[in-house]
Amino acid sequence: MKKISIPATNDLCPQTLFVYGTMNDDGTPDFGLFCWFSYCWIDQLGVICSIGGSKRTLENIRRNGVFSANLVVEDNLPLADYFGTADGRDTDKMDIPVEWEKGAVLPVPVLCSSPFSFELEVDRALSTGEHDETVLICRIRNVLKDEALTDPSLTSEELLRKTAAVRTCIDDEYWSWDGRHLGKWHERAKEIRPDVEIGAAARGN
C-alpha cells in the first residue's frame, strides 16, 4: 500500500458524539453537542475532551466543575443536532420539548433520550492558548446505562446494533455505527425547530 503525505486531517477517523449537559448560573439546564471526546487513565478510567472557542457549555463547566456526557444515538440525533446548531446564548434555545433529569451522583442535567451517560467531574483543565481551546481531564463519578443494554446475553454485535450510536467524519456528516449515512450537520436540527439558524459557536454551545 503506497501512502502519500497530506495536510493534517482527521476526516477518516470517525468520532462518537456526545451531548454535554451543564447547569446555567440561574439553575436551568443547557445542552451542547461535542465530538472531541476520548478516554484516559488517571488512577482510574477517566475522560479527556477538548472544547474550543467561546461557548456557554465551557463557561458552565469552568464555573461548576461538573457536567454530563450523553451518548448520541439514532433516535435522538435530531435533538443532538439541534443542540449543536442553535446558538448557546440565544434565550429561546431551550424552548423546545426535551426530557432531562438530574444526575444520580452529581448536580448535572442528564438527557433522558440517551441510553448511556457519564457524570463527570473536572480533575484538571489545560489551555492550549490557541483559539481559546481547553482540554479537560475528567473523573467519571457515575455511569447511567439503559437497563435493556445490561443484558449479559447480548453479543457485542447485538449490543452495538441495539445502542445505535452515531458517529461523525468526512465533510461534516453523520454516520451510523455500521456505515449508513444519517445526514449532514445542521440538517436534522430542522426536525426539532424548522426556523433554527446556525449559531456563531455551532458544534457545541
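This is a predicted model: local features need pLDDT of at least 70, side-chain atom pairs count only at pLDDT 80 or more; totals for chains, interfaces and linings use all residues.
Trainee: Is Ser-114 buried or exposed?
Mentor: A residue is classed as buried when its relative accessible area is under 20%. The relative accessible area of Ser-114 is 10%, so Ser-114 is buried.

Trainee: How many disulfides does the structure hold?
Mentor: A disulfide requires two cysteine sulfur atoms within 2.5 Å. The cysteine sulfur closest to that of Cys-49 belongs to Cys-138 and is 4.6 Å away, which is too far for a bond. Cys-138, whose nearest cysteine sulfur is that of Cys-49, is likewise in no disulfide. The number of disulfides in the structure is zero.

Trainee: What is the relative accessible area of Cys-138?
Mentor: Cys-49 is buried, at 2% relative accessibility. Cys-138 is also buried, and its relative accessible area is 0%.

Trainee: Where is Asp-43, the salt-bridge partner of Arg-139?
Mentor: The closest N and O atoms of Arg-139 and Asp-43 are 2.9 Å apart, and the two residues form a salt bridge. Arg-139 belongs to strand β10 (residues 134-145), and the pair ties together parts that are 96 residues apart in sequence, because Asp-43 is in the loop between β4 (37-41) and β5.

Trainee: Which residues do salt bridges that share partners join into one network?
Mentor: Side chains of opposite charge can pair when their charged atoms come close. The count of salt bridges in the structure comes to 13. Those that share partners join into one network Asp-43, Asp-123, Arg-124 and Arg-139.

Trainee: With which residue does Lys-184 form a salt bridge?
Mentor: Lys-184 lies in strand β13 (residues 181-184), and its partner lies in strand β12 (residues 173-176), eleven residues apart. With closest N and O atoms 3.6 Å apart, the partner of Lys-184 is Glu-173.

Trainee: Which residues make a nonpolar surface patch with Leu-45?
Mentor: Leu-45 is placed in strand β5 (residues 45-51). Its relative accessible area is 45%, so Leu-45 is partly exposed. The patch covers about 380 Å², and the residues that make it with Leu-45 are Tyr-39 and Trp-41.

Trainee: With which side chain does the side chain of Thr-134 make a polar contact?
Mentor: Thr-134 is found in strand β10 and counts as buried at 4% relative accessibility. Its contacts beyond four places in sequence include Cys-49, Leu-58, Arg-62 and Ala-125. The polar contact, at 2.9 Å, is with the side chain of Arg-62.

Trainee: What distance separates the C-alpha atoms of Thr-134 and Ile-51?
Mentor: Ile-51 is one of the residues in contact with Thr-134. The two are 83 residues apart along the chain, and their C-alpha atoms are separated by 5.3 Å.

Methods. Residues are numbered from 1 along each chain as its sequence is written. Side-chain values use heavy atoms; hydrogens and water are left out. Buried means under 20% relative accessible area, exposed over 50%, partly exposed in between (1.4 Å probe, protein chains only). Patches are made of residues with over 30% relative accessible area and no salt bridge: like charges are joined within 9 Å, nonpolar side chains (Val, Leu, Ile, Met, Phe, Trp, Tyr) within 5 Å. Accessible areas come from the Shrake-Rupley method with a 1.4 Å probe; for residues, only the protein chains shown count as cover. A salt bridge is a side-chain nitrogen of Lys or Arg within 4 Å of a carboxyl oxygen of Asp or Glu. Helices (H or I, at least four residues) and strands (E, at least two) are DSSP runs, numbered from the N terminus. Contact means heavy atoms within 4.5 Å. A polar contact is a pair of N or O atoms within 3.5 Å; within protein, one must be able to donate a hydrogen and the other to accept it, and residues adjacent in sequence count only if both atoms are side-chain atoms.
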